[in-house]
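The sequence and structure come first.

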Amino acid sequence: MAIKIKAQERKLMVGPKAGQYAYQLAAETYSTLTQSKMLDEAALRSGIQRGSLYAAFDAIGSVIKAWATEGHSVPVPGLGTMRFSVNAKSVDDVNMVASALITTRKIIFTPSTDVKKALQDATISITCYDRNGNVVKRVNSADPGEIDNALQVLTVESNNVAYGTVSGGGSYAAGTEVQLVATAKSGYTFVKWSDGDTNATRTYTTTGEAVTLTAEFAPDQEIGSGDEEQGGGIGE
């Protein structure tokens, strides 16, 4: 099987080469498969009765939606994981925290290693069309098959914003080195991150999986001498 790409000769409308023609690559138009066609094919390949597959598909879909709504990162069978999240503005004052900070809601899907491997191994067939729509060339791509990984969402939180603040969260490609900083406020001390790291300033390398790291702060009087030696927060 091959991924079909078209190279269409088009007139450039903007930029330094505006008015000139160039071949632009884009995916060929694919037909949208219906759910029933997909399940019928799955029944044929597996030998499982069609009705059983339909019932299982509906049940799995309901469970995925229910658990994602509850905040879980949910496995999508054979494909990867998905979870619900939001894009939101940040504020310095805890009294300003409100749902109005949320700008959009989103679904984060992280493909499995097997899905990425299938994409990497797929051949690419390119059909070239001139400006009149005539086929002028066909070629199979010999690209290295590198995968543009979906950005990993790295969430950093404070266990209490009145005790200290954090920075470094965001969306990053897998393998990115990110500096995380936990800054304790006056009268409070940084204790550790939720993964056990006791460095207030640290470098975290993303893996491609969505991760939440929480910085733990505590009032100075609650910290024993051993904890104080491990890591006082920046800004004390």
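In what order do the three strands of the open sheet lie? The order is β9-β11-β13, and the pairing is antiparallel. The model is predicted: local features need pLDDT of at least 70 and side-chain atom pairs count only at pLDDT 80 or more, while totals for chains, interfaces and linings use all residues. Residues are numbered from 1 along each chain as its sequence is written, and side-chain values use heavy atoms, with hydrogens and water left out.

**Strands**

Helices (H or I, at least four residues) and strands (E, at least two) are DSSP runs, numbered from the N terminus. Two strands pair if DSSP finds at least two bridges between them. Strands of a sheet pair through backbone hydrogen bonds, either parallel or antiparallel.

| Strands | Sense | Bridges |
|---|---|---|
| β1 (residues 2–11) and β6 (residues 123–129) | parallel | seven |
| β1 and β2 (residues 21–27) | antiparallel | seven |
| β11 (residues 177–184) and β13 | antiparallel | five |

Lys6 takes part in two of these pairings: Thr127 in β6 stands opposite Lys6, and Ala26 in β2 is the bridge partner of Lys6. For Val181, the bridge partner in β13 is Thr201.

**Helix contact**

Helix α1 (residues 35–46) packs against helix α2 (residues 50–69) at about 125°, the axes being 9 Å apart. The two helices are therefore oblique to each other, a class left over once angles under 35 degrees (roughly parallel), over 145 (roughly antiparallel) and 65 to 115 (roughly perpendicular) are set aside. Contact means heavy atoms within 4.5 Å. Among the contacting residues are Met38, Leu39 and Ala42 of α1 and Leu53, Tyr54 and Phe57 of α2.

**Salt bridges**

A salt bridge is a side-chain nitrogen of Lys or Arg within 4 Å of a carboxyl oxygen of Asp or Glu. The count comes to six. One of them joins Arg131 and Glu9, whose closest N and O atoms are 2.9 Å apart. Arg131 lies in the loop between β6 and β7 (135–140) and Glu9 in β1, so the pair ties together parts 122 residues apart in sequence.

Note on methods:
Axes are lines fitted to C-alpha atoms, for helices over the stretch in contact, and angles run from 0 to 180 degrees between N-to-C directions.
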